[in-house]
Amino acid sequence: MSILYRYGSTYYINMTNRCPCRCVFCVRDSTPRLGDADSLWLDHEPTVDEVMDELRKVDLSKSREVVFCGYGEPTERFDDVLECARRIKAEFGKPVRLDTNGLGSLINGRDIVPEMEGVIDSVSISLNAPNSEEYQEVSRSSFGAEAYPAILEFIRECRERISGVTVSVVGGSISQESEDECARMAQDMNVRFRVR
């Protein structure tokens, strides 16, 4: 099991395998590995201390940031993500990015974005569709119709509080027309757009 893995020159933290979505394109349905990880399937969720111990074993000098992204949704462990992020910034001086499905406020039953300010330096949010119906078809979120409006609100709030905000779609998972509409939405919301 890999708590920490390297993809390119960047290090990623795999905090959990839990996720409220079952996206049709999810890479974990096709391989247990990403980057240099043996397997991203966890036999237990790592403690904050375990995460920090793993980070101390590697050379972070070439990693321009540390990213929370693994085989689950990091905000399923939001409080631990924040604690790790604070320690990473204090001990290693590295910026911290959160890769998320944007459902953290629903998952945690509270608005989490204010708690991210000053702790999370950038966020990448999976938009994945231009409307609620298409989003549910692609993501199969356990939150149903609540999910898509929550993501849009999460994006708007992040834009107000965090300097680096990107929304993304998975190339080929939706039509080109829908992908183009997502790009327009990102422009309207004044956030970056990426096809991954």
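Me: Why is D43 called exposed?

Reply: The relative accessible area of D43 is 64%. Exposed means over 50%, buried means under 20%, and partly exposed is in between, with a 1.4 Å probe and protein chains only. D43 therefore counts as exposed. D43 sits in the loop between β2 and α1 (48-56). From D43 to N131 there are 88 residues in sequence and 36 Å in space, C-alpha to C-alpha.

Me: What should I know about the model before going on?

Reply: This is a predicted model, in which local features need pLDDT of at least 70 and side-chain atom pairs count only at pLDDT 80 or more, while totals for chains, interfaces and linings use all residues. Residues are numbered from 1 along each chain as its sequence is written, and side-chain values use heavy atoms, with hydrogens and water left out.

Me: What makes a stretch of the chain a helix or a strand?

Reply: Both are DSSP runs numbered from the N terminus: helices are H or I with at least four residues, strands are E with at least two. By that rule the protein chain has seven helices and seven strands. Their order along the sequence is β-β-α-β-α-β-α-α-β-α-α-β-α-β.

Me: How do you know that the radius of gyration agrees with a compact globule?

Reply: The radius is taken over C-alpha atoms, and the globule rule is 2.2 Å times the number of residues to the power 0.38. For 196 residues a compact globule would have a radius near 16 Å, and the protein chain has 16 Å, so the two agree. The C-alpha trace spans about 45 × 35 × 30 Å along its principal axes. Buried residues are 49% of the 196.

Me: Why is T10 called buried?

Reply: T10 has 12% relative accessibility, so it counts as buried. T10 belongs to strand β2 (residues 10-13). Setting aside residues up to four places away in sequence, T10 touches Y5, S63, E65 and V67. Contact here means heavy atoms within 4.5 Å.

Me: What does that contact rule give over the protein chain?

Reply: Of the contacts between residues at least 6 apart in sequence, 80% join residues at least 24 apart.

Me: What makes K57 and E54 a salt bridge?

Reply: A salt bridge is a side-chain nitrogen of Lys or Arg within 4 Å of a carboxyl oxygen of Asp or Glu. For K57 and E54 the N to O distance is 2.9 Å, and the pair forms a salt bridge. K57 has a relative accessible area of 62%, so it is exposed. E54 has 24% and therefore counts as partly exposed.

Me: How many salt bridges are there in the whole structure?

Reply: A search finds 20. R18, E45, E76, R77 and D80 are linked in a network of them.

Me: Which parts does the salt bridge of R161 and E117 tie together?

Reply: The side chains of R161 and E117 meet at 2.8 Å, N to O. R161 is in helix α6 (residues 147-161) and E117 is in the loop between α4 (113-116) and β5 (122-126), so the pair ties together parts 44 residues apart in sequence. R161, at 34%, is partly exposed, and E117, at 41%, is partly exposed.

Me: Is R97 buried or exposed?

Reply: R97 has a relative accessible area of 16%, so it is buried. R97 lies in strand β4 (residues 96-100) and forms a salt bridge with D99, with the closest N and O atoms 2.8 Å apart. D99 is buried too. Apart from neighbours within four places in sequence, R97 is in contact with Y12, E65, V66, V67, F68, S122 and V123.

Me: What is noted about the phi of N128?

Reply: N128 has a positive phi of about 65 degrees although it is not a glycine. N128 is in the loop between β5 and α5 (132-139). Its relative accessible area is 2%, so N128 is buried.

Me: What is the phi of R140?

Reply: R140 has a positive phi of about 50 degrees, and R140 is not a glycine. R140 is in the loop between α5 and α6. At a relative accessible area of 32%, R140 is partly exposed.
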